[in-house]
Amino acid sequence: MSETVIQPRTYLSIWGVLLALLAVTVGVAYVHLAWLNPVVALSIAVIKAVIIMLYFMHLRNSPRLVWVFVGAGFAWLGIMFVLSLGDYLARQYLPKPTMWLP
Amino acid sequence: MDLTVAHQFDDAEQQQEASTLGMWIFLATEILFFGGMFLGYTVYRAMYPHEFAAASSHLDVVLGTVNTAVLLCSSLTMALGVYSAQLGSRRMLALCLGLTMLLGAVFLGIKFYEYYQKYEEGLIPGSGFTWAGANPNQTSLFFVFYFIMTGMHALHMIIGLGLMTVLVLLTRRGRFTPSYYTPVELGGLYWHFVDIVWVFLFPLLYLIDRSS
Amino acid sequence: MSTMPVAIYTREHYLNASYGWKSWLLTRDHKRIGLLYLMSITFFFFLGGAFATMVRLELMTPKGDLFEAETYNKLFSMHGIVMVFLFLIPSIPAVLGNFLVPMMIGARDLAFPRLNLLSWYLYMIGGVFTLWAIVAGGVDTGWTFYTPYSSLFSNTHVVLTVLGIFVVGFSSILTGLNFIVTIHTMRAPGMTWFRMPLFLWSHYATAIIMVLATPVLAITLVLVGVERIWRVGIFDPAIGGDPILFQHLFWFYSHPAVYIMILPGMGVVSELITTHARKRIFGYSFVAFASLAIAFIGFLVWGHHMFVAGESQYASLMFSVLSFLVAIPSAIKVFNWTATLYKGSVSYDAPMLYAMGFIGLFTIGGLTGLFLATIAIDVHLHDTYFVVAHFHYIMVGGMVMAYLGGIHNWWPKISGRMYPEGWARLAAGIVFIGFNLTFFPQFVLGYLGMPRRYYAYADEFQVLNVMSTAGASILAVGYLLPMIYLIWSLKYGPEAGPNPWNATGLEWQTLSPPPPDNFEETPIVTEPAYNYGPDRRTSI
Amino acid sequence: MEEGFRLIPEQASAFAARYDMLYWFLTGVCGLFALLIVVLIIVFAVRYRRRPDREPEQTNDSMGLEIFWSVIPAILVMVMFVWGADLYLDETIPPAGAEDIYVVGKQWMWKIQHPNGRREINELHVPVGRAVKITHTSQDVIHSFYIPAFRIKQDSVPGQYRTMWFEPTRPGQYHLFCAEYCGTGHSRMIGRVVVMEDMEYQTWLGGYTAETPVEAGRKLFVDLDCASCHESGQRQRCPTLGGLYGTKVQLADGRTALFDETYIRESILDPKAKVAAGFQPVMPTFRGQVTEEQILALIAYIKSLSPNVAVPERSAQ
């Protein structure tokens, strides 16, 4: 399927990047950034996940159809998070509507 | 038509494409399976941020980091395993799979040691939960999700080790050739997925707020 | 291409290819697995039907005088659980889907036959766990398992039932996975996406929902099990948990699940209408994309189950708008089916009667859904018999009618024998009348304010409840008839040729019952889906 | 709830009248569409039934028709949405000055408490013509406070206070149901709502001598020695509670919280959860020492310390 066989050299460099990102994410956790902490931690995690998927899981040279299904998995996860947390957000922070149409 | 192509497929290329697509769809179901737990975690972290931060900084960050590194190494050896399968060198493939299993076992060892530590400190949620700080109930919620998520992840790791054992046996029997190594590829996809789950679990559970 | 109908017993086909229980229990032939599913699903359908009959008998009188309150609560819970998880979700995809998807695309089998057999075994294991829970004492939480009642206060076999449903969920995931991969990679040469029968489009959409929604149910049930065994406060408000979170997770699966139940029915009806009206479907691409639209929007609307449950007003507004949008694709389908009948040659065979009954009843079911999507109306009607009537109109009036229509339509292909037409039309009529008499009074009961799951109710509701129970007994007769004459037809039914309806699907171009590998040689597809042109005579 | 068979529920509240207008609009529109489909199917099935001498004519698709029956239903459903949402949002906020009644749902009974302290089980006496605000919660599982004649229902969720309101317009007796399945006695958890003339209601209410919740709250406030901290001038140990109800309170960790029933209840049961700014988390928890009714009484007393109850409200319709 993946005619272009990925060389061990690439795997090793990807491995190095992942370990570096691990060190970064642990280091950043000790810096007080208040609400920015989880954002940074999660974006680093997303970068690591994308790298693993592209190179280790050969997504780079897989047919586009596989990309669609990977995208669908994360998109549906997004739907569940956005609509559920939207409800929790609306309950805590938005004031109760008093008047909508006069 | 060699025997490795099942009767319902026309050729090996169609079989390979179908198997890979099937595996990725299965991984999509796993994404949503873990997603349910992540949603619960996110909701309660938003509700009780301080209790979650206090409980999180109670976890041993060194062991967590080491465990993440161990899993990243096991992903490397798994990828090299698939590479050697593509080359067709059976000895290298068996070696890589063995290394991957070893690293997986190390990960589980560290994990269960951490569980034992929690047991010692009386942090198992339920009746035996003791917590000196404020609001023990909300804090125990963090440990509930800690145990459920890492427990489910460990279960998937154990299943992964089972898959690897099967792959090693098949390799020894010379089942894989450079033109037919799909099971190794699928085993690799599964293993990397379990690694990705841990990549998200580690910061969310261990690194909530280490700065204070 | 239609070969002469060679006598069934002489020719080798998938039924007499091999004998013995091993050839059935270890089969990898999608047709045999479809029959295994048919038998187990019929058992669970009549088990659920028995619970329904007992519930209706109890509700004949306002006072609770036939069963104890606990027993009644267990009866309606078991009716819900067995019907939803063990009949409605698997029935059309597992029986007709398994049998027909490979044949309709011209393949020899599904992509992963072993996974398909595993799917049936998981279904049976889950069914056995649920049966064990029933025999051991049943569960009284309703099929929705709302916490904190199901996790803390109910003292019935919740964990056992939850385990059973957890296992059955994986059977549904495997079926969905199999269909998606098969439709994507194993279509016969010439069978492009837009030459596929609409049966496959609706099963493709159903498979997407099965694969993407069921895992969330699995994890939700695991959390309920953990909460019930260790009481750690995931959903327990006393120690910080939130019961609304359970409802979000549960309905994220359970609303798409109702589309898993109805979409296959729509696929069957698209086939029945075109075959028995000898007409090309009206607006093929619209009906096809409507299936996908239902599958996608179906994931965005679950909040309409929680309008009064504690959701914020803003979330309710959003879910209400989205719930109205999901009604549009269904409306498009109904209009297209009706337009297909125009200028056709409409036969009154049993499958067509079921299909026309489906369109009428599904329309009423869908339109009453608009009532429940309107927030102000739902405040009064939520958790009353209006909701019960709404989803029975879609499940029983829609899905079961389509299931029976599909079974009758493809019975000649499955068994090689024709069913008795007279009896079949009578049964269809009885089912239609019994159904309407059972569930239409419940709309009025709901508007009057009779709550759901009530063991004893106020006196003024009695007349309508007696009508409903009368209808239920007629409906029961209507469902028993097909089982009798279909089994009778296996031995005495006249031999049906390869294409009794002279239909256009690929499954009708091979012999019936089909050979183990479906086709002598892989068919080449050249014409569009429903090519009922003038060259195709109506009567053979 | 006059006995005897009926097809239309009684209309006994202002909301019920507006509700029924929308209900019959929906019935009309949906009934029309259902009739259209059923009639078309029957006409086509009979007109184009299969006859040996007639072949089916293949009609070709028409994009115009498809657009037509996508856009028209879309517009119709949006009208339904707007009307329904407007009616719903108008009814979510209780008007100012409504009669304040506390309801606690418990496995298989409704415990109701009037402002002057009168308690009832499964019975709710209300005056006609005046808005009544129900503040309700549940002690164990999820129940649902449902009065069909007023067309209102809301789930009583354990662990949080929820408010709903109605304005009875017709004296009489109406059903009170529990609409969310809550166990064995779910169908026994019913009652009566008695709507009385104002005079009758006052005499029924007046004849009651027991202490009002505010007095009961005051007594509890002293008995549980909350007063020793919150009242006697020791400003630096704990905050005084006068004039706080309905305002935003600054918390120790920088967040702000609305000082409402839920905040009071949480501070009584989990004091360290939301500590006020400038104070130490020294307050002990009272979980297990106070019942739901006692918490309600304490809340009534604390609310009475804030004369201008500034809950976001609007004038009664």
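## Sheets, core and chain contacts

In chain D, 5 strands make up an open sheet with mixed pairing, ordered S3-S2-S1-S5-S8. This is a predicted model, in which local features need pLDDT of at least 70, side-chain atom pairs count only at pLDDT 80 or more, and totals for chains, interfaces and linings use all residues. Residues are numbered from 1 along each chain as its sequence is written, while chains are lettered from A and ligands numbered from 1 in the order in which they are written.

A word on terms before we go on. Helices (H or I, at least four residues) and strands (E, at least two) are DSSP runs, numbered from the N terminus. Two strands pair if DSSP finds at least two bridges between them.

Back to that sheet: strand S3 (119–121) and strand S8 (162–166) of chain D are its edge strands, and each pairs on one side only. Neighbouring strands are turned by 25° against each other on average, direction ignored (axes are lines fitted to C-alpha atoms, for helices over the stretch in contact, and angles run from 0 to 180 degrees between N-to-C directions).

Chain D holds another open sheet of 5 strands, again mixed, in the order S4-S10-S9-S6-S7. Strand S4 (123–127) and S7 of chain D stand at the edges with a single partner strand each, so one side of each is left without a neighbour in the sheet. Here the twist averages 20° from one strand to the next. Helix H3 (residues 198–206) of chain D lies across S4 and S10 of chain D and runs at about 130° to S4(D).

| Strand pair | Sense | Bridges | Facing residues |
|---|---|---|---|
| S5 (132–138) and S8 of chain D | antiparallel | 5 bridges | Ile134(D) and Met164(D) |

Next come the places where chains meet. Two residues are in contact if their C-beta atoms, placed from the backbone, lie within 7 Å.

What about the interior? A residue is buried if 20 or more other C-beta atoms lie within 10 Å of its own, exposed if 12 or fewer, and partly exposed in between. A nonpolar core is a set of buried Ala, Val, Leu, Ile, Met, Phe, Trp, Tyr and Cys residues joined through C-beta atoms within 7 Å. The largest such core has 359 residues, and Ile180(C) is one of those with the most contacts inside it. Helix H9 (residues 243–277) of chain C gives the most to this core, with 20 residues. Leaving aside neighbours within four places in sequence, Ile180(C) is in contact with Ile25(B), Tyr204(C), Ala207(C), Ile208(C) and Val211(C).

Chain A, finally, has 3 helices and 0 strands, and buried residues make up 27% of its 102 residues.
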